[in-house]
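Good morning, colleagues. I would like to take a few minutes to go through one structure with you. Please look at the sequence and the model first.

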Amino acid sequence: MYQVELRKFVRILALGVEILAEQDRILALGEEILAEQGRILALWVEILAEQDRILALGEEILAE
C-alpha cells in the first residue's frame, strides 16, 4: 500500500515538472511573439514616416 501511494506521489511530482517545463516553453513563445510585435510596430512607424515624406513631396510638387 505504501509503495502504491509513493508511486502515485512520484508520478504527480513528475507531471508537475512536465507542466512547469511546458509553462516555460509557453512563456518563451510569448516573449518571441512580443518581440515580433515590436518589430512589426517599428515597421509601421517607418511606413507612416515614409507616407509623411511622400505627402510632403506631393505638396511641394503641387505648389510649383
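Predicted model: local features only at pLDDT ≥ 70, side-chain atom pairs only at ≥ 80, totals over all residues.

Let me begin with a question: which side chain does E50 meet in a salt bridge? The partner is R53, with an N to O distance of 2.6 Å. E50 has a relative accessibility of 37%, so it counts as partly exposed. R53, at 46%, is likewise classed as partly exposed.

Let me now step back to the chain. It contains one helix and zero strands. That helix, α1, covers residues 2-63. Along the principal axes, the C-alpha atoms fill a box of roughly 95 × 10 × 5 Å. The radius of gyration is 28 Å, whereas a compact globule of 64 residues would have a value near 11 Å. Buried residues account for 0% of the 64 residues. The accessible surface amounts to about 6,200 Å², and carbon and sulfur atoms contribute 69% of that area.

I turn next to charge. In general, side chains of opposite charge can pair when their charged atoms come close. Across the whole structure, the search finds five salt bridges, and I have already shown you one of them, between E50 and R53.

A second salt bridge joins E36 to R39, with the closest N and O atoms 2.5 Å apart. These residues, too, are three positions apart in helix α1, which means a separation of about one helical turn. E36 is partly exposed at 38% relative accessibility, and R39 is partly exposed at 47%.

A further pair is E5 with K8, where the closest N and O atoms are 3.9 Å apart. The cut-off for a salt bridge is within 4 Å, so this pair is counted. E5 and K8 are again three residues apart in helix α1, about one helical turn. The relative accessible area is 41% for E5 and 47% for K8; both residues are partly exposed.

Finally, which residues form a nonpolar patch on the surface? They are Y2, L6, F9, V10 and L13, with about 550 Å² of accessible area together. F9 lies in helix α1 and, at 48% relative accessibility, counts as partly exposed.

Thank you for your attention.

Note on methods. Residues numbered from 1 in each chain as written. Heavy atoms only, no water. Patch = residues over 30% accessible without salt bridge, like charges linked within 9 Å, V, L, I, M, F, W, Y side chains within 5 Å. Areas by Shrake-Rupley, 256 points an atom, 1.4 Å probe, with all protein chains shown as cover. Helix = DSSP H or I, 4+ residues; strand = E, 2+ residues; numbered from the N terminus. Buried < 20%, exposed > 50% of the residue type's maximum accessible area, 1.4 Å probe, protein only. Rg over C-alpha atoms; globule rule 2.2 N^0.38 Å.
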